[in-house]
Amino acid sequence: MMGPVTDHSRETAAQAADIAGGGAGAAEQEPRIGFEEHARISAEIAEGDEPQNQILERHQISEADWLAATNVHMSRLAQDTLEKGAEATLAIRYSEIFSE
């Protein structure tokens, strides 16, 4: 459940976009790894059963492609939250996929 959107939460979302490489150009590029695939692989990594590099290798994903996709998808999540506040849906969808 998301709390109310405040100036602080908007600022935090903007900072997250910057940290994730969220410049305007980053969000415009379509990464090799799609949104849903990224969420699923992120969940595998979060489980901690095997090292990230082994998970990426199993999915035939390079570290560079993973980092690029992470930058784009996290920037999009932050931007969606920044722009739509409580009406943002990307983070909810990512979380749903992550939890499957």
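Mentor: We shall need one definition at the outset: two residues are in contact when heavy atoms of theirs lie within 4.5 Å. Please keep in mind that this is a predicted model.

Trainee: Which residues does His38 touch, not counting residues up to four places away in sequence?
Mentor: Begin with the position of His38, which is in helix α3. Its relative accessible area is 2%, and buried means under 20%, so His38 is buried. Leaving out residues up to four places away in sequence, the residues that His38 touches are Ile33, Trp66, Ala69, Thr70, His73, Met74 and Tyr94.

Trainee: Are α3 and α5 roughly parallel or roughly perpendicular to each other?
Mentor: Helix α3 covers residues 35-47 and helix α5 covers residues 63-84; their axes come within 11 Å and cross at roughly 110°. Angles of 65 to 115 degrees count as roughly perpendicular. Therefore α3 is, relative to α5, roughly perpendicular.

Trainee: How many nonpolar, polar and charged residues are there in the contact of α3 with α5?
Mentor: On the side of α3, the residues are Phe35, His38, Ile41, Ser42 and Ile45. They meet Trp66, Ala69, Thr70, His73, Met74 and Leu77 in α5. Divided by class, the residues of this contact are seven nonpolar, four polar and no charged.

Trainee: Are α3 and α6 oblique or roughly parallel to each other?
Mentor: Helix α6 spans residues 90-99, and its axis and that of α3 come within 8 Å, crossing at roughly 55°. This crossing is right-handed. An angle under 35 degrees would count as roughly parallel, whereas roughly perpendicular begins at 65. The relation of α3 to α6 is therefore oblique.

Trainee: How many charged residues does the contact of α3 with α6 have?
Mentor: From α3 come Phe35, Glu36, His38, Ala39, Arg40, Ser42, Ala43 and Ala46, which meet Leu90, Arg93, Tyr94, Ile97 and Phe98 in α6. Eight residues of this contact are nonpolar and two are polar, while the number of charged residues is three.

Trainee: Are the rings of Phe35 and Tyr94 stacked or edge-to-face?
Mentor: A search of the whole structure finds one aromatic pair. The ring centres of Phe35 and Tyr94 are 5.4 Å apart and the planes stand at 70°; because planes over 60 degrees apart count as edge-to-face, the pair is edge-to-face.

Trainee: How many residues apart are Phe35 and Tyr94?
Mentor: Tyr94 has 10% relative accessibility and so counts as buried. The pair links distant parts of the chain, with Phe35 in helix α3 and Tyr94 in helix α6. Their separation is 59 residues.

Trainee: Is Glu100 buried or exposed?
Mentor: Glu100 lies in the segment after α6. Its relative accessible area is 65%, and the cut-off is over 50%, so Glu100 is exposed.

Trainee: With which residues is Glu100 in contact, leaving aside its neighbours within four places in sequence?
Mentor: Glu100 is 61 residues from Ala39 in sequence, yet their C-alpha atoms are 9.7 Å apart in space. Apart from neighbours within four places in sequence, the contacts of Glu100 are Arg40 and Arg93.

How values were computed
Residues numbered from 1 in each chain as written. Predicted model: local features only at pLDDT ≥ 70, side-chain atom pairs only at ≥ 80, totals over all residues. Heavy atoms only, no water. Axes fitted to C-alpha atoms, helices over the stretch in contact; angles between N-to-C directions. Helix = DSSP H or I, 4+ residues; strand = E, 2+ residues; numbered from the N terminus. Parallel < 35°, antiparallel > 145°, perpendicular 65-115°, else oblique. Nonpolar A, V, L, I, M, F, W, Y, C, P; charged D, E, K, R; others polar. Left-handed = near helix turned anticlockwise from the far one by under 90°. Buried < 20%, exposed > 50% of the residue type's maximum accessible area, 1.4 Å probe, protein only. Phe/Tyr/Trp six-rings, centres within 6.5 Å; stacked < 30°, edge-to-face > 60°.
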